[in-house]
Amino acid sequence: MELTSTSFLVTLIAVTALAMLAALLLWNRVPRPGWVRWPARLVMIALCQLTAICVVATWINGSYGLYSSWDDLLGTGTGQNPSTMTGPPPGRARFTPGSDGTRSTYFRGSHSKLAGQVIVRTPPEYDAPGADKTRFPVLMLLHGYPGSPRSWIDVGNMPGALEQLVQLGGTHPFIVVMPDLYPGGVNTDCTNTPRRKLADWLAQDVPDLIAKNFRTLPKPKGWGLMGVSTGAFCAAKLPLQYPGVFRAGAALDPDPLTGDPGVLTDPVLRERNSPMWLVGHTKKADVGLFLATSAQDKDSPPKQLAAFTEAAEGSGVRVKTLVRPEGGHNFQTWTAMYPDALGWLSTEISPPSGGP
């Protein structure tokens, strides 16, 4: 079972309940003498405490995305050389259905040579009678750092929140794609570095995989991004770098749009891969960006949205901003931004279509 899976948490809860029940039933049944009875009771208490602690720790990890996998927790995946990463190529990747309606796969990209998890959820309309020839827009959701693709499901109420908005007419249905933002446990702010081609993973490998296995609209008119925190930085950056793949990006509480020196120490590489630099050096491209934050968020201050909007003037990039009066750097704030962000994305990205 995956570290962040619901089944693992449920299993731990069941084990904790069984440990407590066993302690109640066996407490007075441990045979004398006392030197046997009391150590046995201490073992039962310790077992109850240990299983309860594991439940709480797993819940906290799932809520905040501290560790995305067993390799991440044990330190066996960090710093892995891309050339040694294993996984099936896109042509042999197989999607496994989940109990929550998602489908997940693990594959190795042909462009980036990186291997990671991708979770997909098709909308109910995808399998509706008569929709077998309908093609759907794609929305890639980019989690933060630390985090995992399941952060969107376990904490971010996705794609449930999206489907509720579709029913209310606030957005149109999307194929939701949740890829690993940093395969192998190394964050590069979705940037191609000499050792890790994260931009190629997100803008080439994952889109190629999805287009091959699902009925998607053509790029870029049917493809968009939405991210939070580090993922929001990437959602603002990738459409500027790959306008032929993504039409629009919605960035909720993005990391500093000038780049993070702690992630990319090379100042030139950092600058040339920052949304702030890219928006002023992008050729006239049919790209839209939605940037949102709250007045209380010190990690993503409103002043950087204003600076970006000013930098985008004359670039041809369509920019819309949202500053909520309150909220922290967390999913509680981000879920409140969904209606505005998803509604805006539906104005930028084409709706489902029966055409080619």
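This is a predicted model: local features need pLDDT of at least 70, side-chain atom pairs count only at pLDDT 80 or more; totals for chains, interfaces and linings use all residues.
**Helix α7**

At 1.5 Å a residue, its 12 residues should span 16 Å. I found the end C-alpha atoms 16 Å apart, which agrees.

Next I looked at burial. I count 11 of the 12 residues of α7 as buried, so the helix is largely enclosed by the rest of the structure. I listed the buried ones: Thr-230, Gly-231, Ala-232, Phe-233, Cys-234, Ala-235, Ala-236, Lys-237, Leu-238, Pro-239 and Leu-240. A lysine, Lys-237, is on that list.

**Cysteines**

How many disulfides does a search of the whole structure find? I got one. Cys-190 is joined to Cys-234, with the sulfurs 2.0 Å apart. Cys-190 sits in the loop between β5 (175–179) and α6 (198–213), and Cys-234 sits in α7 (residues 230–241), so the link ties together parts that are 44 residues apart in sequence. I noted the geometry too: the angle about the S-S bond is 90°, and the link is right-handed.

I then turned to Cys-48 and Cys-54. The cut-off I apply is 2.5 Å between sulfur atoms. I ran the search from the other end. The closest cysteine sulfur to Cys-54 is that of Cys-48, again at 12 Å and too far. Cys-48 is buried, with a relative accessible area of 15%. Cys-54 counts as partly exposed at 30%.

I went through β3 (residues 115–121) residue by residue. Seven of its seven residues are buried, and I put the strand down as mostly covered. Which residues cover which side? On one side I have Ala-115, Gln-117, Ile-119 and Arg-121. On the other I have Gly-116, Val-118 and Val-120. Both faces are covered.

I looked up the pairing next. β2 (residues 103–108) runs antiparallel to β3, and six bridges join them. I see Phe-107 opposite Gly-116 of β3. The two strands make a hairpin with six residues between them. In that turn I picked out Lys-113, which has a positive phi of about 65°.

β3 also pairs with β5. I count four bridges there, antiparallel again. Which residue of β5 is the bridge partner of Ile-119? I noted Met-178.

**Pro-173**

I placed Pro-173 in the loop between α5 (160–168) and β5. The residue is buried, with a relative accessible area of 12%.

**Leucine patch**

Last, I looked for nonpolar surface. Leu-18, Leu-21, Leu-25 and Leu-26 make a patch of about 390 Å². I followed up one of them, Leu-25. Leu-25 lies in helix α1 (residues 6–26). Its relative accessible area is 48%, and I record Leu-25 as partly exposed.

How values were computed
Residues are numbered from 1 along each chain as its sequence is written. Side-chain values use heavy atoms; hydrogens and water are left out. Patches are made of residues with over 30% relative accessible area and no salt bridge: like charges are joined within 9 Å, nonpolar side chains (Val, Leu, Ile, Met, Phe, Trp, Tyr) within 5 Å. Accessible areas come from the Shrake-Rupley method with a 1.4 Å probe; for residues, only the protein chains shown count as cover. A salt bridge is a side-chain nitrogen of Lys or Arg within 4 Å of a carboxyl oxygen of Asp or Glu. Buried means under 20% relative accessible area, exposed over 50%, partly exposed in between (1.4 Å probe, protein chains only). The expected span of a helix is 1.5 Å times one less than its number of residues. Two strands pair if DSSP finds at least two bridges between them.
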